[in-house]
Amino acid sequence: MNDNRTHILGISCHDITRAVNLLHQQELVAFPTETVYGLGADARADKAVAAIYNVKDRPEFNPLIVHVASIADAKRYAVFDETAERLAQHYWPGPLTLVLPLQYTHNLSGLVTAGLPTVGIRVPSHPVAQTLITAFDGPIAAPSANPSSRISPTTAKHVLQELNGQIKAIIDSGPCQIGLESTIIRSMNNHIDLLRPGHITQENVESLLRLPLKRVTDEVEISAPGQLPLHYAPRSIMRLDVRYPEQDENHLGFGEISGDLNLSPSGDLTEAAANLFSYLHRLDVQSRPIAVAPIPSKGIGYAINDRLRRASAHKTAHST
Ligand code: TXA
Ligand code: MG
């Protein structure tokens, strides 16, 4: 692989070994998770992690999520309080990222945490992600595999469209099942905050813990800088809560509002979440303004609206 092409790998043992070797050589490999495709690098290697920031054009203050294979592995990098332990036992492997104090013996690159005293960590459930991390036998730093502020990728093709020639390889194992990035919860001294909504909802977590979960997704000085206003954005202008689009607009429908493309004709929010980024990618290539039908903010609908709001934020806003 001594060329600048981006290689598409499958999920055979041979291809996973190639991916692992590339990671050991401090190269970048995109891989599937149950949420979105991640842009993976050895989380201990400064050079590899720096390459992620470079390829994504990502502000250096925005820390990366570390992917590990098990709770035991996570404990090498993060300090778990009682709440974190319960959340991990219940939701891992799965679409949950925990932001926890850094373990003082950690050997992660300082670029991963962007100098914060905390680390974002998760155990993905996708079998290919699990196989890759286990075979690599180390922590993999992985943001979503898109240029900063652009739409997250839910297929290998999306990754290739945006990063072709800039990364060594993409492991292709079809579309991601959930299609929205993981829920992020910060737990420190048994105090918990929701930093990013996702498939695991605020209600799910509150009923598990019997504790209120504070949403800090819109605080200005929050420690999830990735949650800045403009994010996940298509190139076209986008309007939300639109029942009746203008003639020149592409209408993204939901439920009874059929639109040009419908996120879920039956009004199923989980299906809508899985289709969201993929449909935005499709509409994006048509360079017409986009109008999105109203989506109810209940359950995972809250996370869908969070992403839509950020995708439609004013284009001059500072983004990550
Ligand atoms: O589903 C996901 O989480 C995907 C897949 C690939 O795992 N990853 C992902 O990564 O969405 P990224 O980099 O696009 O978003 C990570 C978010 C950012 O908003 C970042 O600011 C936040 O996690 N984050 C990471 N470490 C943090 C920390 N120590 N404190 C607060 N926020 C943190
Ligand atoms: Mg992202």
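Trainee: Hi! Which two strands form a hairpin with N189 in the turn?
Mentor: β9 and β10 do, with two residues between them, and N189 has a positive phi of about 50°. Helices (H or I, at least four residues) and strands (E, at least two) are DSSP runs, numbered from the N terminus. This is a predicted model, where local features need pLDDT of at least 70 and side-chain atom pairs count only at pLDDT 80 or more, while totals for chains, interfaces and linings use all residues. Residues are numbered from 1 along each chain as its sequence is written, chains are lettered from A and ligands numbered from 1 in the order written, and side-chain values use heavy atoms, with hydrogens and water left out.

Trainee: How many bridges link β9 and β10?
Mentor: Five, with β9 antiparallel to β10 (residues 191-196); I184 sits across from R196 in β10. Strands count as paired if DSSP finds at least two bridges between them.

Trainee: And which way does β5 pair with β9, parallel or antiparallel?
Mentor: Parallel, over four bridges, with β5 spanning residues 96-101. There T97 is opposite I184, the residue that faces R196 in β10.

Trainee: Is β9 mostly covered or mostly open?
Mentor: Mostly covered: five of the six residues in β9 (183-188) are buried, meaning under 20% relative accessible area with a 1.4 Å probe, protein chains only.

Trainee: Switching topic, what is the strand order in the four-stranded open sheet?
Mentor: β12-β15-β13-β14, with parallel pairing. The edges are β12 (238-239) and β14 (261-262), each pairing on one side only. Inside, three bridges join β13 (residues 250-253) to β15 (residues 290-292), and L252 stands opposite V292.

Trainee: How many cavities of 30 Å³ or more are there?
Mentor: Two. On a 1 Å grid over the protein atoms alone, a cavity is a set of points where a 1.4 Å probe fits but cannot get out, and lining residues have an atom within 4 Å of a point.

Notes: 1 Å grid on protein atoms, 1.4 Å probe; cavity = no way out; pocket = protein on both sides within 12 Å on 5 of 7 lines; lining within 4 Å. Points joined across faces, edges and corners; volume = space filled by probe spheres on them. Buried < 20%, exposed > 50% of the residue type's maximum accessible area, 1.4 Å probe, protein only.
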